[in-house]
Structures are given as C-alpha cells and as structure tokens.
Amino acid sequence: MELAHPLRRWHAQGKPQRTELYVRWSLYIAVGVEPLAVLGTAVGQAEKLSVLTLQVLALGALTGTVLSLLVVRAGLAHYLGRRPRPVLLLAMSTTVALAGVWAVVLTGGNDLTGVSMTPLLLMFWFGPVTVVLPHRLSAAFGGIVLLLVLPALLLAGLSIGTALGAITGIALSCLLFGVTCRCSAWLSGVVWELDGARETQSRLAVAEERLRFSRDLHDVLGRNLTTIALKSELAAQLARRGRPEAADQMTEVQRIAQESQREVRDVVRAYRTADLHAELTGARSVLRAADVACEVELGSVDQLPVTAQSVLGWAVREATTNVLRHSEATSCLIRLRVGGGQALLEIENDGVTEGRPGTAGTGLTGLRERLAVYGGRLDTPPAGPGRFRLTVDLPLTAPALSMEVSAG
C-alpha cells in the first residue's frame, strides 16, 4: 500500500513532469553518493591518512553533499525558468568545496594520498554548477577554482609538474560529471519546450480555423453590405424627392438582404457540417503529426446517408481532439462497421493517465447530445489499463437521418 500512492502520482503526471522528476532524482542520486564515494576511498587508504584528514573528509563530504543537493534543486528550477539563479547557495557550495580541498591536501602529508581525494570533492561540486550557470560561464568558473587549488598542491610539497598533472586529472573528472549533469537538465528543458510547442500548435490551428471562417463571412457579406448601403442611400434620396423609384430600390435592398441571409446560412452549414472522409483523413494526419500511430478500418462508408456521415464525422473530430488533449497516446485505432441498420464507430487509444480521464471536458457531452437527436448513443466502455475506448452507435433507420443536418 505504501507504494501505491507514489505510483499513482507517477501515472498521473504528463511526459514533461515525468521527465523532470526522473532528471531531478537522477541528479539527487548522482550528487548524493559523494559521501559514500569519498569515505569509501578514504577507508581503502586509512593507514596512509591521519585522523584529522579523515575527519575533514567526512565533514567536507557531508556538508558539500547537502549544499550540492540544494544547488541542484534550486539550479534546475532556475534552468527551467521558474526562479532566479541561486547565487548565494552557489557561493556557499564553492567555499565549502575549496576549504575542504585545501584542508585535505594540507593535512594529507607529502605523498599523493590527500591529493588523490581532491577529484572526488571537486567533481561532485562542479556537477551542480553546470546546472546553475551557462556552459561557458561554468567552465570559466571551474577554471578559476582549479587555479585556487593549485597553490594548495604546491604548499603540500608537490612539484610544479606533478601539481599541473593533478589539476589536469581533476579537470577531466569535473568535465565528465559536469557534462552529465548539464545534459540531464537540458533533456528536461527540451521536453518542456516540446510540450509548449504542441500546445502552441493547437492554439494556432484553432486561430487559423477562425481566420478562415472570418474570411468566408467577409467574402459573403462584404460586397452585399456595401450594395445594401449604397442602394439604401439612393432610396433615401429618391424618397426625399418624391420619386416612385425609391420603392423599387428598397425592394432590391430587401432581396439582397435575404440573399445575404441565405449565403450566411450556407457558410455556417458548411462550417458546422463534418464530412466523414475529410474528418478521417484529417484525424490520421493530425495524429501522425503528434507521433501517434493511427490505424483506420472502414466499412461501407459510401452506403451511409449523407447526414449519418456528417454525424459520424463530428464524432471522429471530437474523439481525435479528445485523444490529443486528454492523453499521451502513441497509438490510436479508428474502426467503423456498418450492418443491420446500424453504424458502429469505435475509437481506442493508449496513453491515458490517471488524473487525465478521457471523458474530461464538455466536448463529449456536446457530442452525446448531438447524437441523441438522431437516436445515437455514445459510450466509453472499459478498455484496459492506460487505454480509452469511445463507441458511437448510430441507427441508420432513424427518421432524423433522412433530413438535412440543421445549420443551427
């Protein structure tokens, strides 16, 4: 039971949240092993190290680990744009790392025993630095810290060549660990950016459809409204002069207004009527664009009444929107079977997470009401863990299907 709650929370998260959680805890674990790595190495060389050096190693490793964990936590939030750069934590972590390195080197004797511990101390410090600072700035900052370590090596009795060799080894270990930490943070940032781009793409698609509809209305109404305005002005002038042609002009205005009303209804009807073939093609295209493998199995679509095709087209459109908005699907199946006076549409997808139920929102409620007008029924039967299934049962013998789909 103890594991159930964390597992539910994990499954309730989206891909960006899961990636960030994975990256965060990977960095925590990578940085948190510092005490084990440092003290494990020290135990292997305990006979060569003094008690004071062991105490300094233990204190430095534990303190440095705590500060590094705090730097990772705040640094990842800064990298993702959620908080300012944790300068104070970075300064404290750097101070503790430098103090620990100096203390270990100066108390480790003239041999290389104390020096051999410095790569571990600085490596675990430098990893979180790469998350907080840009890569060029972190490289420059690490170089400055290494220059500050060089005097300690020389004071410990190492020759200049040996000291430079030790600095090179420390730099390589810091570089490898730093690149690992930086790439992990970059991965989380990229996933968040992709998620934002997907939402932006959806908003742009809606805006483009609205723009198309507004252009259609402009094309229909622009010329007619201009003509109505001109003829109304002409009729007003004729009426002031007592001319009988004014009535003819107003009759023409009435005719144009009625024609405009009819054309607007045609535009709205075309906008609100869904073509099944077009919707299936569009669903396959948009799902594949979202990296969702879409399989379509069709029955005798051409035998369906035009109104039935329109109703099922609306179901395909709403179900496709549902897949994109309320799941993280990787596969989707659209199956249509026609027979016995019934049309059965089934749409099933995976990637449903707890907390993102497939029935969320008002889209399916509206679709259910639309189907009820034609005697149809919408169900969401169980489909297995992580899957969602939507079925539309439409009777082809319903009287309403013999009528044209209403524009209202």
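Modeller: Helix 4, residues 51–79, contains 29 residues, and the distance from its first C-alpha to its last is 40 Å. That is close to the 42 Å expected at 1.5 Å a residue, the expected span being 1.5 Å times one less than the number of residues. Helices here are DSSP runs of H or I with at least four residues, strands are runs of E with at least two, and both are numbered from the N terminus. After helix 4 comes glycine 81, which has a positive phi near 80°.

This is a predicted model, in which local features need pLDDT of at least 70 and side-chain atom pairs count only at pLDDT 80 or more, whereas totals for chains, interfaces and linings use all residues. Residues are numbered from 1 along each chain as its sequence is written, and side-chain values use heavy atoms, with hydrogens and water left out.

I turn next to the charged pairs. Side chains of opposite charge can pair when their charged atoms come close. An α-helix has 3.6 residues a turn, so residues three or four places apart point the same way. In accessibility terms, buried means under 20% relative accessible area, exposed means over 50%, and partly exposed lies in between (1.4 Å probe, protein chains only). Arginine 24 is buried because its relative accessible area is 15%, and glutamate 20 is buried because its value is 8%.

In helix 9 (residues 245–272), arginine 255 and glutamate 252 are three residues apart, which means a separation of about one helical turn. Their side chains form a salt bridge at 2.5 Å, N to O. Arginine 255 counts as partly exposed because its relative accessibility is 42%; glutamate 252, at 24%, is partly exposed as well. Valine 253 also lies in helix 9 but is buried, because its relative accessible area is 9%.

Glutamate 279 is buried at 13% relative accessible area, while arginine 317 is partly exposed at 29%. Elsewhere, salt bridges with shared partners tie Glu297, Arg335, Arg337 and Glu346 into one network.

Helix 11 (306–326) is also one end of the loop that holds glutamate 328, and strand 2 (331–339) is the other. Glutamate 328 counts as buried because its relative accessibility is 11%. Its side chain comes within 2.6 Å of the backbone nitrogen of lysine 15.

The strands follow, where two strands pair if DSSP finds at least two bridges between them. Strand 2 pairs with strand 3 in the antiparallel sense over eight bridges, and leucine 336 has leucine 345 in strand 3 as its bridge partner. Two residues lie between the strands of this hairpin, in which glycine 340 adopts a positive phi near 65°. Strand 3 (residues 342–350) is also joined to strand 5 (residues 387–395), antiparallel, by nine bridges. Across that pairing, glutamate 348 stands opposite arginine 389, and asparagine 349 faces phenylalanine 388. Strand 3 is mostly covered, with seven of its nine residues buried. Strand 5 also pairs antiparallel with strand 4 (residues 377–379) over three bridges, where aspartate 379 is opposite threonine 391.

Finally, valine 33 occupies the loop between helix 2 (15–32) and helix 3 (34–44), and it is partly exposed because its relative accessibility is 33%.

Key: Polar contact = N/O pair within 3.5 Å; in protein donor to acceptor, adjacent residues only side chain to side chain. Salt bridge = Lys/Arg side-chain N within 4 Å of Asp/Glu carboxyl O.
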